[in-house]
Amino acid sequence: MKPSKHSSYVFILNISSIFRLFAVFVLSLLLVFILIGTLTSLKPGYRVASSTVNEAAKHFSSKQLYRMFLSDSQLLALNMPKTESFSISKIAFEMMTNVRFQDPRSLLGRELPGFDIFDSKILVAGEGSNYTNLPIESVPPDNSLKSSDPKTQNTDQINKAKDNNQDKHNKPSQTTKGKKRVYIYFTHTHESYLPYLKGVTDPNLAQHSKINVTKVGEKLKEDLEDRGIGAEADTTDVQKLLVKNGMTYSQSYQESREVVLSAMKADHDFQYFIDIHRDSRRRKDTTVTINGKPYAKIAFIIGGDNPNWEQNAKVAEDLHARLKKKYKDLSRGVIMKKGASTNGKFNQDLSNHSFLIEVGGVDNTFEEMYRTMDALADVFADYYWQAEKVNGNKTTTAAK
(Lines give C-alpha, C1' and ligand atoms only; values in the text may rest on other atoms or scores of the structure.)
Protein backbone atom coordinates (compact mmCIF):
# COMPACT_ATOMS: atom_id res chain seq x y z
CA MET A 1 0.00 0.00 0.00
CA LYS A 2 1.51 3.33 -1.05
CA PRO A 3 1.79 6.04 1.58
CA SER A 4 -0.67 8.83 1.10
CA LYS A 5 0.36 12.34 0.21
CA HIS A 6 -0.99 13.47 3.57
CA SER A 7 1.27 11.11 5.53
CA SER A 8 4.29 12.21 3.46
CA TYR A 9 3.46 15.85 4.19
CA VAL A 10 3.21 15.15 7.93
CA PHE A 11 6.55 13.34 7.83
CA ILE A 12 8.24 16.24 6.05
CA LEU A 13 6.63 18.68 8.51
CA ASN A 14 7.94 16.71 11.49
CA ILE A 15 11.46 16.64 10.01
CA SER A 16 11.25 20.39 9.43
CA SER A 17 10.06 21.00 13.01
CA ILE A 18 12.84 18.86 14.44
CA PHE A 19 15.40 20.71 12.35
CA ARG A 20 14.08 24.09 13.54
CA LEU A 21 14.15 22.96 17.16
CA PHE A 22 17.70 21.72 16.74
CA ALA A 23 18.72 25.01 15.10
CA VAL A 24 17.12 26.99 17.95
CA PHE A 25 18.93 24.79 20.49
CA VAL A 26 22.31 25.26 18.80
CA LEU A 27 21.75 29.01 18.45
CA SER A 28 20.70 29.34 22.09
CA LEU A 29 23.76 27.37 23.21
CA LEU A 30 25.97 29.59 21.08
CA LEU A 31 24.44 32.73 22.56
CA VAL A 32 25.00 31.40 26.08
CA PHE A 33 28.69 30.79 25.33
CA ILE A 34 29.00 34.26 23.79
CA LEU A 35 27.34 35.83 26.84
CA ILE A 36 29.57 33.94 29.27
CA GLY A 37 32.65 34.83 27.26
CA THR A 38 31.69 38.49 27.21
CA LEU A 39 31.02 38.66 30.95
CA THR A 40 34.26 36.90 31.88
CA SER A 41 36.38 39.04 29.56
CA LEU A 42 35.12 42.35 30.92
CA LYS A 43 37.38 44.44 33.07
CA PRO A 44 36.81 43.89 36.82
CA GLY A 45 35.14 47.27 37.15
CA TYR A 46 32.43 46.34 34.65
CA ARG A 47 31.68 42.78 35.71
CA VAL A 48 28.56 41.82 37.57
CA ALA A 49 29.51 41.86 41.24
CA SER A 50 27.70 41.24 44.49
CA SER A 51 27.23 44.99 44.81
CA THR A 52 25.43 45.03 41.45
CA VAL A 53 23.05 42.31 42.59
CA ASN A 54 22.54 44.15 45.86
CA GLU A 55 21.66 47.34 43.99
CA ALA A 56 19.19 45.50 41.76
CA ALA A 57 17.58 43.82 44.77
CA LYS A 58 16.76 47.23 46.23
CA HIS A 59 13.96 47.49 43.68
CA PHE A 60 12.20 44.54 45.34
CA SER A 61 10.61 44.51 48.76
CA SER A 62 11.17 41.53 51.05
CA LYS A 63 7.60 40.37 50.42
CA GLN A 64 8.08 40.54 46.66
CA LEU A 65 11.28 38.50 46.87
CA TYR A 66 9.45 36.00 49.06
CA ARG A 67 6.69 35.68 46.48
CA MET A 68 9.22 35.18 43.68
CA PHE A 69 11.04 32.38 45.48
CA LEU A 70 7.82 30.54 46.32
CA SER A 71 6.06 31.06 43.00
CA ASP A 72 7.44 27.79 41.56
CA SER A 73 5.79 25.70 44.26
CA GLN A 74 2.02 25.32 43.88
CA LEU A 75 1.74 23.94 47.39
CA LEU A 76 3.54 26.88 48.99
CA ALA A 77 1.80 29.31 46.65
CA LEU A 78 -1.54 28.37 48.23
CA ASN A 79 -0.36 29.83 51.54
CA MET A 80 1.41 32.79 49.98
CA PRO A 81 0.32 36.11 51.54
CA LYS A 82 -1.65 38.36 49.22
CA THR A 83 -1.07 41.61 51.05
CA GLU A 84 1.19 43.11 48.38
CA SER A 85 0.76 43.08 44.64
CA PHE A 86 3.64 41.99 42.45
CA SER A 87 4.12 44.03 39.28
CA ILE A 88 6.87 43.00 36.90
CA SER A 89 6.21 46.05 34.70
CA LYS A 90 6.65 48.43 37.64
CA ILE A 91 9.90 46.81 38.73
CA ALA A 92 11.23 46.72 35.15
CA PHE A 93 10.40 50.42 34.73
CA GLU A 94 12.20 51.36 37.95
CA MET A 95 15.29 49.34 37.03
CA MET A 96 15.50 50.80 33.51
CA THR A 97 14.84 54.42 34.46
CA ASN A 98 16.12 54.46 38.07
CA VAL A 99 12.95 56.38 38.91
CA ARG A 100 11.24 55.07 42.04
CA PHE A 101 7.60 56.02 42.54
CA GLN A 102 7.93 56.00 46.31
CA ASP A 103 10.92 58.38 46.21
CA PRO A 104 10.31 61.69 44.34
CA ARG A 105 14.01 62.57 44.71
CA SER A 106 14.83 59.98 42.03
CA LEU A 107 12.97 62.12 39.47
CA LEU A 108 13.58 65.65 40.76
CA GLY A 109 17.29 65.02 41.24
CA ARG A 110 17.72 64.82 37.47
CA GLU A 111 15.69 67.93 36.73
CA LEU A 112 16.66 70.49 39.38
CA PRO A 113 20.23 71.86 39.38
CA GLY A 114 22.08 70.98 42.58
CA PHE A 115 19.37 68.59 43.75
CA ASP A 116 21.58 65.58 43.02
CA ILE A 117 23.39 66.12 46.35
CA PHE A 118 20.40 64.41 47.95
CA ASP A 119 21.52 61.17 46.31
CA SER A 120 23.99 60.95 49.19
CA LYS A 121 23.02 58.59 51.97
CA ILE A 122 23.47 59.34 55.66
CA LEU A 123 24.82 56.13 57.17
CA VAL A 124 25.11 57.61 60.65
CA ALA A 125 23.74 61.08 61.41
CA GLY A 126 25.44 63.44 63.79
CA GLU A 127 23.44 65.85 65.90
CA GLY A 128 21.62 68.28 63.59
CA SER A 129 22.77 66.56 60.39
CA ASN A 130 20.15 65.94 57.72
CA TYR A 131 19.73 66.01 53.95
CA THR A 132 19.52 69.82 53.91
CA ASN A 133 23.04 70.40 55.25
CA LEU A 134 25.16 67.64 53.71
CA PRO A 135 28.79 68.54 52.91
CA ILE A 136 29.34 70.21 49.54
CA GLU A 137 32.60 70.17 47.63
CA SER A 138 33.98 73.38 46.17
CA VAL A 139 33.90 73.48 42.39
CA PRO A 140 36.32 76.21 41.33
CA PRO A 141 36.45 77.11 37.62
CA ASP A 142 39.23 75.26 35.80
CA ASN A 143 40.93 78.50 34.83
CA SER A 144 41.42 79.22 38.55
CA LEU A 145 43.99 76.39 38.67
CA LYS A 146 46.35 78.58 36.65
CA SER A 147 45.44 81.82 38.42
CA SER A 148 47.73 83.49 40.91
CA ASP A 149 46.93 83.21 44.61
CA PRO A 150 44.66 85.86 46.14
CA LYS A 151 46.19 88.20 48.71
CA THR A 152 46.16 86.91 52.27
CA GLN A 153 45.25 88.39 55.64
CA ASN A 154 45.36 87.36 59.31
CA THR A 155 48.25 84.97 58.56
CA ASP A 156 49.92 85.88 61.86
CA GLN A 157 47.07 84.09 63.61
CA ILE A 158 47.97 80.73 62.05
CA ASN A 159 51.17 80.15 64.02
CA LYS A 160 49.51 81.46 67.18
CA ALA A 161 46.69 78.99 66.65
CA LYS A 162 49.16 76.14 66.44
CA ASP A 163 50.98 77.25 69.59
CA ASN A 164 47.68 77.55 71.45
CA ASN A 165 46.72 74.01 70.50
CA GLN A 166 49.93 72.17 71.27
CA ASP A 167 49.11 68.97 73.13
CA LYS A 168 50.37 68.81 76.68
CA HIS A 169 50.23 65.16 77.61
CA ASN A 170 52.60 62.55 78.92
CA LYS A 171 54.98 60.55 76.76
CA PRO A 172 53.05 57.79 74.96
CA SER A 173 53.12 54.42 76.71
CA GLN A 174 53.41 52.60 73.37
CA THR A 175 54.58 53.45 69.88
CA THR A 176 54.61 51.98 66.39
CA LYS A 177 58.37 51.49 66.71
CA GLY A 178 59.26 54.07 64.09
CA LYS A 179 56.87 52.65 61.50
CA LYS A 180 54.45 55.03 59.80
CA ARG A 181 50.93 53.66 60.03
CA VAL A 182 48.75 56.59 58.92
CA TYR A 183 49.05 58.21 55.50
CA ILE A 184 47.42 61.64 55.21
CA TYR A 185 46.97 63.26 51.82
CA PHE A 186 44.97 65.99 50.07
CA THR A 187 43.11 65.52 46.80
CA HIS A 188 41.97 69.15 46.73
CA THR A 189 45.24 70.58 47.92
CA HIS A 190 44.38 74.27 47.50
CA GLU A 191 41.13 74.28 49.49
CA SER A 192 41.46 77.35 51.67
CA TYR A 193 39.46 79.53 54.11
CA LEU A 194 37.81 82.90 53.66
CA PRO A 195 39.12 84.47 56.91
CA TYR A 196 42.63 84.36 55.42
CA LEU A 197 41.86 85.45 51.85
CA LYS A 198 41.56 89.18 51.30
CA GLY A 199 38.60 90.23 49.17
CA VAL A 200 37.36 86.68 48.50
CA THR A 201 33.73 85.93 49.40
CA ASP A 202 32.79 83.09 47.03
CA PRO A 203 33.37 79.65 48.66
CA ASN A 204 34.28 78.18 45.26
CA LEU A 205 37.11 80.69 44.95
CA ALA A 206 38.55 79.96 48.40
CA GLN A 207 41.73 78.49 46.93
CA HIS A 208 45.38 79.10 47.84
CA SER A 209 48.61 77.22 47.16
CA LYS A 210 50.09 77.87 50.65
CA ILE A 211 47.31 78.76 53.10
CA ASN A 212 45.18 75.69 52.72
CA VAL A 213 43.96 72.35 54.06
CA THR A 214 47.46 70.83 54.11
CA LYS A 215 48.18 72.72 57.33
CA VAL A 216 45.28 70.87 58.96
CA GLY A 217 46.72 67.52 57.89
CA GLU A 218 50.16 68.43 59.16
CA LYS A 219 48.63 69.19 62.55
CA LEU A 220 46.89 65.80 62.60
CA LYS A 221 50.21 64.13 61.80
CA GLU A 222 51.89 65.83 64.77
CA ASP A 223 49.01 64.95 67.08
CA LEU A 224 49.13 61.29 66.07
CA GLU A 225 52.88 61.08 66.55
CA ASP A 226 52.50 62.66 70.00
CA ARG A 227 50.37 59.61 70.78
CA GLY A 228 52.95 57.14 69.48
CA ILE A 229 51.40 56.54 66.05
CA GLY A 230 53.75 57.10 63.14
CA ALA A 231 52.18 59.20 60.40
CA GLU A 232 52.99 61.03 57.19
CA ALA A 233 51.28 64.10 55.73
CA ASP A 234 51.96 64.07 51.99
CA THR A 235 51.58 67.66 50.77
CA THR A 236 52.07 66.81 47.09
CA ASP A 237 50.37 69.63 45.17
CA VAL A 238 47.71 67.71 43.25
CA GLN A 239 46.30 70.91 41.75
CA LYS A 240 49.70 71.77 40.32
CA LEU A 241 49.94 68.27 38.84
CA LEU A 242 46.56 68.76 37.15
CA VAL A 243 47.87 71.84 35.36
CA LYS A 244 51.12 70.11 34.44
CA ASN A 245 49.28 67.13 32.94
CA GLY A 246 46.60 69.18 31.20
CA MET A 247 43.80 67.81 33.39
CA THR A 248 40.70 69.45 34.86
CA TYR A 249 39.61 69.89 38.47
CA SER A 250 37.09 67.07 38.09
CA GLN A 251 40.02 64.69 37.55
CA SER A 252 41.58 65.47 40.93
CA TYR A 253 40.92 62.02 42.38
CA GLN A 254 42.46 60.40 39.34
CA GLU A 255 45.65 62.36 39.97
CA SER A 256 45.70 61.86 43.76
CA ARG A 257 45.25 58.13 43.17
CA GLU A 258 48.69 58.01 41.59
CA VAL A 259 50.09 59.83 44.61
CA VAL A 260 48.58 57.27 47.00
CA LEU A 261 49.68 54.29 44.89
CA SER A 262 53.22 55.64 44.85
CA ALA A 263 53.19 56.00 48.65
CA MET A 264 51.82 52.47 49.12
CA LYS A 265 54.57 51.10 46.90
CA ALA A 266 57.29 53.02 48.73
CA ASP A 267 56.15 52.13 52.26
CA HIS A 268 54.25 48.91 53.00
CA ASP A 269 53.74 49.85 56.65
CA PHE A 270 50.84 52.21 55.99
CA GLN A 271 47.57 50.86 57.39
CA TYR A 272 45.20 53.86 57.32
CA PHE A 273 44.66 56.38 54.52
CA ILE A 274 42.96 59.71 55.24
CA ASP A 275 42.09 62.26 52.57
CA ILE A 276 41.48 65.64 54.23
CA HIS A 277 39.15 68.27 52.73
CA ARG A 278 37.18 71.28 53.88
CA ASP A 279 33.48 71.82 53.30
CA SER A 280 31.99 74.67 51.27
CA ARG A 281 29.12 75.16 53.71
CA ARG A 282 29.04 78.19 55.93
CA ARG A 283 29.88 78.58 59.59
CA LYS A 284 26.49 77.70 61.08
CA ASP A 285 26.73 74.18 59.63
CA THR A 286 30.43 73.58 60.29
CA THR A 287 31.05 74.91 63.80
CA VAL A 288 30.18 73.69 67.29
CA THR A 289 31.02 74.97 70.77
CA ILE A 290 32.44 72.43 73.22
CA ASN A 291 33.34 73.47 76.79
CA GLY A 292 33.10 77.11 75.77
CA LYS A 293 35.47 76.78 72.79
CA PRO A 294 34.57 76.74 69.09
CA TYR A 295 35.52 73.63 67.10
CA ALA A 296 35.33 72.96 63.37
CA LYS A 297 32.93 70.08 62.82
CA ILE A 298 34.10 66.96 61.04
CA ALA A 299 32.22 64.76 58.55
CA PHE A 300 33.26 61.29 57.37
CA ILE A 301 32.68 60.62 53.66
CA ILE A 302 32.52 57.07 52.27
CA GLY A 303 32.58 56.25 48.55
CA GLY A 304 29.59 54.04 47.82
CA ASP A 305 30.82 52.97 44.37
CA ASN A 306 33.64 51.07 46.03
CA PRO A 307 32.47 47.40 46.21
CA ASN A 308 34.00 47.08 49.69
CA TRP A 309 32.67 50.35 51.09
CA GLU A 310 31.18 48.64 54.16
CA GLN A 311 34.64 47.96 55.61
CA ASN A 312 35.70 51.58 55.32
CA ALA A 313 32.35 52.68 56.71
CA LYS A 314 32.87 50.48 59.76
CA VAL A 315 36.09 52.34 60.63
CA ALA A 316 34.41 55.73 60.14
CA GLU A 317 31.37 54.73 62.18
CA ASP A 318 33.56 53.59 65.05
CA LEU A 319 35.47 56.88 65.05
CA HIS A 320 32.20 58.81 64.86
CA ALA A 321 30.86 56.92 67.89
CA ARG A 322 34.02 57.66 69.87
CA LEU A 323 33.86 61.36 68.96
CA LYS A 324 30.19 61.49 69.93
CA LYS A 325 30.98 60.01 73.33
CA LYS A 326 33.99 62.19 74.11
CA TYR A 327 33.36 65.37 72.06
CA LYS A 328 29.60 65.72 71.79
CA ASP A 329 28.29 67.04 68.45
CA LEU A 330 31.77 67.39 66.92
CA SER A 331 31.05 64.79 64.23
CA ARG A 332 28.42 65.54 61.59
CA GLY A 333 28.15 61.83 60.91
CA VAL A 334 29.11 59.29 58.26
CA ILE A 335 27.83 60.02 54.76
CA MET A 336 28.02 57.76 51.72
CA LYS A 337 28.34 59.40 48.30
CA LYS A 338 27.95 57.60 45.00
CA GLY A 339 26.58 58.01 41.49
CA ALA A 340 27.27 60.08 38.40
CA SER A 341 27.35 63.41 40.25
CA THR A 342 30.45 62.55 42.29
CA ASN A 343 33.62 60.47 42.13
CA GLY A 344 31.98 57.63 44.03
CA LYS A 345 35.17 55.86 45.14
CA PHE A 346 37.50 58.60 46.42
CA ASN A 347 40.38 56.09 46.06
CA GLN A 348 38.95 54.14 49.00
CA ASP A 349 39.03 50.93 46.97
CA LEU A 350 42.80 50.92 47.54
CA SER A 351 42.44 50.07 51.23
CA ASN A 352 39.83 48.74 53.64
CA HIS A 353 40.99 51.34 56.18
CA SER A 354 40.48 54.44 54.10
CA PHE A 355 38.13 57.40 54.46
CA LEU A 356 37.72 61.04 53.54
CA ILE A 357 37.04 63.73 56.12
CA GLU A 358 35.62 67.21 55.72
CA VAL A 359 37.19 69.37 58.42
CA GLY A 360 35.30 72.59 58.98
CA GLY A 361 34.13 74.88 56.21
CA VAL A 362 35.17 78.01 54.35
CA ASP A 363 34.48 80.23 57.38
CA ASN A 364 36.42 78.30 60.00
CA THR A 365 39.75 79.37 61.46
CA PHE A 366 42.86 77.27 61.88
CA GLU A 367 42.54 77.50 65.66
CA GLU A 368 39.12 75.84 65.42
CA MET A 369 40.38 73.18 63.03
CA TYR A 370 43.49 72.48 65.11
CA ARG A 371 41.26 71.80 68.13
CA THR A 372 39.34 69.33 66.00
CA MET A 373 42.55 67.58 64.93
CA ASP A 374 43.53 67.20 68.59
CA ALA A 375 40.16 65.59 69.26
CA LEU A 376 40.35 63.32 66.21
CA ALA A 377 43.87 62.19 67.10
CA ASP A 378 42.68 61.52 70.64
CA VAL A 379 39.88 59.13 69.63
CA PHE A 380 41.85 57.66 66.72
CA ALA A 381 44.65 56.69 69.10
CA ASP A 382 42.16 54.89 71.36
CA TYR A 383 40.71 53.12 68.33
CA TYR A 384 44.12 52.23 66.90
CA TRP A 385 45.66 50.81 70.06
CA GLN A 386 42.56 48.79 70.83
CA ALA A 387 42.62 47.35 67.29
CA GLU A 388 46.32 46.55 67.66
CA LYS A 389 45.65 44.76 70.93
CA VAL A 390 42.88 42.68 69.34
CA ASN A 391 44.95 41.87 66.25
CA GLY A 392 48.07 41.11 68.25
CA ASN A 393 50.24 43.22 65.97
CA LYS A 394 53.89 42.87 67.06
CA THR A 395 55.08 46.08 65.39
CA THR A 396 54.21 48.17 68.47
CA THR A 397 56.44 48.51 71.45
CA ALA A 398 56.52 50.33 74.74
CA ALA A 399 58.20 53.72 74.52
CA LYS A 400 61.57 54.01 76.23
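Helices are taken as DSSP runs of H or I of at least four residues, and are numbered from the N terminus. The structure described here is a predicted model, in which local features need pLDDT of at least 70 and side-chain atom pairs count only at pLDDT 80 or more, whereas totals for chains, interfaces and linings use all residues. Residues are numbered from 1 along each chain as its sequence is written, and side-chain values use heavy atoms, with hydrogens and water left out.

The interior was examined in terms of nonpolar cores, each a set of buried Ala, Val, Leu, Ile, Met, Phe, Trp, Tyr and Cys residues joined through side-chain atoms within 4.5 Å. Here, buried denotes a relative accessible area under 20%, exposed one over 50%, and partly exposed a value in between, computed with a 1.4 Å probe on protein chains only. The largest nonpolar core comprises 50 residues, and I276, F300 and F366 have the most contacts inside it. Helix α13, spanning residues 366–391, supplies the largest share of this core, namely 14 residues. Apart from this core lies another, of eight residues, which includes A299, I301, I335 and F346.

The surroundings of F300 were listed by contact (heavy atoms within 4.5 Å). When neighbours within four places in sequence are set aside, the residues in contact with F300 include A316, L319, H320 and L323, together with V334, I335, F355 and L376.

Side chains of opposite charge can pair when their charged atoms come close. A salt bridge is counted where a side-chain nitrogen of Lys or Arg lies within 4 Å of a carboxyl oxygen of Asp or Glu, and the structure holds 16 of them. In one of these, D318 pairs with R322, with 2.9 Å between the closest N and O atoms. Both residues belong to helix α12 (residues 309–326), and because they are four residues apart there, about one helical turn separates them. D318 is partly exposed, its relative accessible area being 26%.

A salt bridge also joins E367 and R371, at 3.2 Å from N to O. These two residues lie in helix α13, again four residues apart, or about one turn of the helix. E367 is partly exposed at 27% relative accessibility, whereas R371, at 12%, is buried.

D329 forms a salt bridge with K328, the closest N and O atoms lying 3.4 Å apart. Of this pair, D329 is partly exposed at 22% relative accessibility, while K328 is exposed at 54%. Finally, K179, R181 and D269 are connected in a network of salt bridges.
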